[in-house]
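Please look over the sequence and the structure before reading on.

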Amino acid sequence: MAKHKGRGWHSRLLAAGLGVTAVAAATSVWTAQADPAGAQQPQARVSAPSVTKVAADIAHASDRGARGVNITIDDGPDPIWTPQVLQLLKDNGVKATFCMVGTQAKAYPDLVKKVVADGHRLCDHTISHDTAMDSKSEEYQSQQILDAERMITEASGGVRPQYYRAPGGAFTPYSRKLAASRGMRPLGWNVDSKDFERPGVDTMVATVKSEISNGPTVLFHDAGGERSQTVAALREVLPWLKEQGYSFGFPVR
């Protein structure tokens with residue numbers, strides 16, 4: 001699993017993500033609020049879905065077995081490209097896993113709900129896509145993972161992410177264990193379409209065709225830039241995978 005280099009557009013999300021964190025810390029529903037007289041008035045808790053711990057090792061396999069393929073879509077949702085990706089998936093009868101950046105999910109909750117309504121699964125991709133977070137403190141890693149989990153869950157209307165994908169593959173033992181304790185299986189990939197670099201549709205399609213034998217989990221993106229090449233590549237790749245006898249599933253949990 002190759003580690004991606006840093007991506008400029010996500011640096012703009014960092015300040016926004018940290019700002020949201022500060023606000024959330026100040027207004028958390030899990031802390032008591034003091035009344036003017038100084039008495040502590042516990043705020044009513046919002047019921048949350050139960051959490052089932054999962055394995056902390058990085059998943060690559062498909063729940064459809066040896067001929068299964070997991071399509072994973074990273075960095076969104078995006079108001080331009082996510083709807084187009086969703087339509088292509090629907091046209092081909094494919095379910096995918098959407099690895100969402102927390103601030104994007106917060107900005108476009110209707111798209112998060114649409115992803116869920118179409119039968120796809122959610123994945124926590126942190127709040128600011130820091131590809132160097134494996135060199136940061138455990139406190140920072142916790143903030144990135146847990147704040148994104150909260151944002152995605154709230155945007156979806158209560159559906160929790162089932163996976164955690166570290167930006168650029170920057171997992172740590174701590175982040176994997178933390179995500180697993182929250183019911184989010186760490187998620188890797190076997191085939192990188194390289195669509196983030198926009199190398200051309202033919203190159204992206206050829207990459208998937210030549211590397212699918214490496215394993216079932218394929219990486220695409222629906223945000224972080226202009227994604228017309230991704231849409232065009234998916235339009236070719238999805239039918240081709242079917243023709244080769246593959247079926248589409250979700251990563252194991």
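Leu238 is a residue of helix 8, where helices (H or I, at least four residues) and strands (E, at least two) are DSSP runs numbered from the N terminus. The model is a predicted one, in which local features need pLDDT of at least 70 and side-chain atom pairs count only at pLDDT 80 or more, while totals for chains, interfaces and linings use all residues. Residues are numbered from 1 along each chain as its sequence is written, and side-chain values use heavy atoms, with hydrogens and water left out.

Leu238 counts as buried because its relative accessibility is 0%; buried means under 20% relative accessible area, exposed over 50%, and partly exposed in between, with a 1.4 Å probe and protein chains only. Not counting residues up to four places away in sequence, Leu238 touches Ile71, Leu88, Leu89, Asn92, Val94 and Phe248, contact being heavy atoms within 4.5 Å.

## Nonpolar cores

The largest nonpolar core has 34 residues, and those with the most contacts inside it are Ile71, Phe98 and Leu241; such a core is a set of buried Ala, Val, Leu, Ile, Met, Phe, Trp, Tyr and Cys residues joined through side-chain atoms within 4.5 Å. Among the elements that each supply at least two residues of this core are strand 3 (68–74), helix 2 (81–91), strand 4 (96–100) and helix 8 (228–243). Helix 8 gives the most to this core, with seven residues.

Leaving aside neighbours within four places in sequence, Leu241 is in contact with Val69, Ile71, Ile212, Tyr246 and Phe248.

## Helix 4 against helix 5

The axes of helix 4 (residues 109–117) and helix 5 (residues 138–156) come within 7 Å and cross at roughly 75°, so helix 4 is roughly perpendicular to helix 5. Axes are lines fitted to C-alpha atoms, for helices over the stretch in contact, and angles run from 0 to 180 degrees between N-to-C directions; those under 35 degrees count as roughly parallel, over 145 as roughly antiparallel, 65 to 115 as roughly perpendicular and the rest as oblique.

On the helix 4 side, Pro109, Val112, Lys113 and Val116 meet Ile152, Glu154, Ala155 and Ser156 of helix 5.
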